[in-house]
Amino acid sequence: MNDPSEASDNEQSFKSDQSQINQVADEQPVNRSSKRLLRGWLLFALLIVLLVLLTVRDDLRQNAIESGENTINYIAFELFGWSPRDLFIWRLRVAGLLDSPLGQRWIHAVDHASDRPIQAGNQYHTNDTFEEDKVEAHIYQVTLERGEKLVWQLARLDTADSRLYASLERRKKKDKEWTTVTDLDANGDTKSRVISIAGDYRIVLQPELFAKVDYSLAMATGGSLLFPVDGAKQRDIGSIFGDPRDGGARKHHGVDIFAKKGTPITAVIDGVARTDTGGLGGKHIWLSGGMFGLGSARYYYAHLDEFAVESGDKVKKGEVIGYVGNTGNARTTPPHLHFGIYACGPVDPAPFLKPEPRLPTDY
């Protein structure tokens, strides 16, 4: 039988536990409310501290402003193709100044500068000034082939907070319209770009209205690849891309670089080398970059005398991978390297092999 006293004790214990549960339940909303209030005060305090720091510390305030502007510029360009200059035009429109005579002069300043661009050539440097009482743009233009590299260095020489809008633009061959390739920073860093589409390229500079800006610009153009034959130069190229072969039945899909038999040849990129023997190229190597040698471009070395690597070897740029010879269909010609580039078809290697671009040193 059950003990009545034990049942009574259990009942009292149950009532006590229930009372504690009710007490905890009553306290929980209060605790949650207190925590929310505490978090709110902490966030408010952090906001006050941040505002004080931004007010007192000019460097922090400037960094915050620049970070915000950079974020806006990135989103505008990546999503909508709007450059910082386009955003300034939008601000002129919002302010009601776009259709004013002054706004129209600013808008068309680039068009006027396009009529008389400065031809930069292989090397160029200038120190120049935008006066605050003038509305103008400066344009520096070059014509580039696929595989060439453009190097530039743009720097502000003044300490003003005014904006200088700078961009690299491209116009394809036979096109009339210019498109923005990228926006440029005027922080004095040396930047470069390998050209993937042949055409005219220009650096466009224009300050915001009523801004005096002093700047320095240096530019240089040249090749983007190492020369693949040790000690050889462009003058050693004896047969160019597109030359007729076999009585015009086919075209030459590369360049022939003449050198003494046994001259080392080097990898023009980091990649995977695959060797083979036979066919028109005799002993030849295919060099591919990218993961597992699956890069978008492949580099062809033909008529080698000997290999310096095994098929499938990973090689570094500048590493010796073979030696000049005259194997394959070059048995009756002087020793040379046939060098080709293939990226969705044959590509002229000559622009890639121009001398490395070097910025002028006289400034």
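Let me start with a term: two residues are in contact when they have heavy atoms within 4.5 Å of each other. The structure is a predicted model, in which local features need pLDDT of at least 70 and side-chain atom pairs count only at pLDDT 80 or more, while totals for chains, interfaces and linings use all residues. Residues are numbered from 1 along each chain as its sequence is written, and side-chain values use heavy atoms, with hydrogens and water left out.

With that in place, consider Thr-126, which is found in strand 2 (residues 123-130); strands here are DSSP runs of E with at least two residues, helices are runs of H or I with at least four, and both are numbered from the N terminus. Thr-126 counts as buried because its relative accessibility is 13%, the cut-off for buried being under 20% relative accessible area with a 1.4 Å probe and protein chains only. If we set aside neighbours within four places in sequence, Thr-126 is in contact with Tyr-140, Tyr-215, Ser-216 and Leu-217.

Stepping back to the whole protein, there are 4 helices and 21 strands, and buried residues make up 36% of the 363 residues. Among contacts with a separation of 6 or more, 68% join residues 24 or more positions apart.

Next, one of the sheets: 5 strands form an open sheet in the order 1-3-8-5-6, with mixed pairing, where two strands pair if DSSP finds at least two bridges between them. Strand 1 (118-119) and strand 6 (179-183) stand at the edges with a single partner strand each, so one side of each has no neighbour in the sheet. Strand 5 (residues 164-172) pairs with strand 6 in the antiparallel sense over 4 bridges, and Ser-167 stands opposite Asp-183 in strand 6.

Turning to helix 3 (residues 84-94), its buried residues are Pro-84, Arg-85, Leu-87, Phe-88, Ile-89 and Leu-92. Just after helix 3, Gly-96 takes a positive phi of about 75 degrees.

Finally, what lines the second largest pocket? A pocket, on a 1 Å grid over the protein atoms alone, is an open set of points where a 1.4 Å probe fits, with protein on both sides within 12 Å along at least five of seven lines, and lining residues have an atom within 4 Å of a point. This pocket holds about 360 Å³ of space, the volume being that filled by probe spheres set on grid points joined across faces, edges and corners. It is lined by 18 residues, of which Arg-245, Arg-250, His-252, His-303 and Asn-329 are the closest to its centre.

Methods. Buried means under 20% relative accessible area, exposed over 50%, partly exposed in between (1.4 Å probe, protein chains only).
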